[in-house]
Amino acid sequence: MTTNDVLRRLTPLIRARARHLPPDSAVLSSGTRLEQDLRMDSMAIVHVLEDIEDSFGLAIPDERLAGVYTVGDLVDIVRTTSGEEGRAA
């Protein structure tokens, strides 16, 4: 799956957790910052990560959860996490 494919699938998941954004707001890019640009708090980001796990059939290891600051970080998680990886206990 290409970066653009992943970005297209992530966009509605991110927008659902950043409800204050109008539907016609600027297109999300890899450089879009979750907290500063989309004004998402840590709980909203956690919910997006849960949505990603459900939507893509992934189990994101806990060590991957730190350092998620941009949409590009979310794309990287999807592209580099396989469905077989389990969560760290």
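## α2 against α3

In this predicted model, the axes of α2 and α3 come within 11 Å and cross at roughly 35°; axes here are lines fitted to C-alpha atoms, over the stretch in contact for helices, with angles from 0 to 180 degrees between N-to-C directions. Helices are DSSP runs (H or I, at least four residues), numbered from the N terminus. The crossing of α2 past α3 is right-handed, meaning the near helix is turned clockwise from the far one by less than a right angle.

On the α2 side, Val-48, Leu-49, Ile-52 and Phe-56 make the contact, and on the α3 side it's Leu-74, Ile-77 and Val-78 (contact is heavy atoms within 4.5 Å). That gives 7 nonpolar residues, no polar and no charged, where Ala, Val, Leu, Ile, Met, Phe, Trp, Tyr, Cys and Pro count as nonpolar, Asp, Glu, Lys and Arg as charged, and the others, Gly among them, as polar.

## α1 against α2

Helix α1 covers residues 3-17 and α2 residues 42-56; they pack at about 135°, axes 10 Å apart. The pair is therefore oblique, the class left over once angles under 35 degrees (roughly parallel), over 145 (roughly antiparallel) and 65 to 115 (roughly perpendicular) are taken out. This crossing is right-handed too.

From α1, Val-6, Arg-9, Leu-10, Leu-13, Ile-14 and Arg-17 meet a set in α2 that includes His-47, Asp-51 and Phe-56. Arg-9 sits over the face of Phe-56, 4.0 Å from the ring centre (the cut-offs are NZ of Lys or CZ of Arg within 6 Å of the centre and within 35 degrees of the ring normal).

## α1 against α3

Helix α3 spans residues 71-80, and its axis comes within 10 Å of that of α1, crossing at roughly 115°. Once again the crossing is right-handed. Thr-3, Val-6, Leu-7, Leu-10 and Ile-14 of α1 touch Val-71, Leu-74, Val-75, Val-78 and Arg-79 of α3. By class, that's 8 nonpolar, 1 polar and 1 charged.

## Ground rules

Residues are numbered from 1 along each chain as its sequence is written. Local features need pLDDT of at least 70 and side-chain atom pairs 80 or more, while totals for chains, interfaces and linings use all residues, and side-chain values use heavy atoms, leaving out hydrogens and water.

Terms used:
Helix = DSSP H or I, 4+ residues; strand = E, 2+ residues; numbered from the N terminus.
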